[in-house]
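Please look at the chain shown here before reading on. The text below goes through one part of it, step by step.

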Amino acid sequence: KTARRSLNLLLQNLQNEHPALWKTIPTSQALVKGTTSYTLDAKILDMGNVVIRRNGVDTQISRLSRDEYQSRPNKSSEGRPTQYYFEKLTTPKLYVYPAPENSTDTIEFYAVERIEDVGNYDNTMDVPSNAVEMVTSGLAYKISVKRSPERVQFLKSIYDEEKLRFEQEDSEGVSTRLLPGVAHV
């Protein structure tokens with residue numbers, strides 16, 4: 001029981017520290033004329049690279065905070081959506097602004113999905129094969145905290161090394177590009 005609990009907590013920590021590229025899934029949501037909110041799959045933790053697709057052409061839309069979305073005066077006004085708010089709940093919701101003017105557009109995005117719990121001991125872990133060594137060393141470290149404190153530092157150093165190696169592998173391998181923002185005064 002302690003190993004399963006520690007493994008589930010380890011996977012949650014990994015997800016919080018390093019969004020898993022292997023759990024970032026291309027996703028689509030059909031829009032309905034006049035509808036401002038859509039319930040998404042419960043395993044979606046976040047969304048990125050959000051575009052509106054109309055007639056095969058993608059147009060990027062910007063993300064709003066809860067306060068920014070809430071301050072929109074007439075959420076039912078219709079047009080091509082240009083902004084969205086993602087509400088992180090147990091069952092997440094997507095809000096678009098303005099409300100869609102037709103039912104032919106879709107929102108295309110990359111959904112960051114939750115890593116599944118370990119479940120029974122005979123389940124296959126919800127991690128790619130190149131992450132198994134990192135997860136195994138992380139589990140050894142977590143269990144040592146409870147059972148073998150004298151080995152904690154040694155096992156943590158192995159885990160940190162494996163985690164760094166994995167994070168370097170689990171990247172898109174593209175150059176960083178910074179664009180200055182323009183403030184509206």
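The model is predicted, not determined by experiment. Begin at Lys 146, which lies in helix 3, a helix covering residues 132–147.

Next, consider the surroundings of Lys 146. Leaving aside residues up to four places away in sequence, Lys 146 touches Thr 2 and Ser 6. With Thr 2 there is also a polar contact of 3.0 Å between the two side chains. Lys 75 is another matter: this residue is 71 residues from Lys 146 along the chain, and the C-alpha atoms of the two are separated by 52 Å.

Now turn to the helix itself. Helix 3 packs with helix 4, residues 152–169, at an angle of about 155°, and the axes are 8 Å apart. Angles over 145 degrees count as roughly antiparallel, so helix 3 is roughly antiparallel to helix 4. The crossing of helix 3 with helix 4 is left-handed. On the side of helix 3, the residues making the contact include Met 134, Ala 140, Tyr 141 and Val 145. Helix 4 contributes, among others, Leu 155, Ile 158, Tyr 159 and Phe 166. Sorted by class, the contact of helix 3 with helix 4 has 9 nonpolar, 3 polar and 5 charged residues. Glu 133 of helix 3 and Lys 156 of helix 4 are among the residues in this contact.

Terms used. Residues numbered from 1 in each chain as written. Predicted model: local features only at pLDDT ≥ 70, side-chain atom pairs only at ≥ 80, totals over all residues. Heavy atoms only, no water. Helix = DSSP H or I, 4+ residues; strand = E, 2+ residues; numbered from the N terminus. Contact = heavy atoms within 4.5 Å. Polar contact = N/O pair within 3.5 Å; in protein donor to acceptor, adjacent residues only side chain to side chain. Axes fitted to C-alpha atoms, helices over the stretch in contact; angles between N-to-C directions. Parallel < 35°, antiparallel > 145°, perpendicular 65-115°, else oblique. Left-handed = near helix turned anticlockwise from the far one by under 90°. Nonpolar A, V, L, I, M, F, W, Y, C, P; charged D, E, K, R; others polar.
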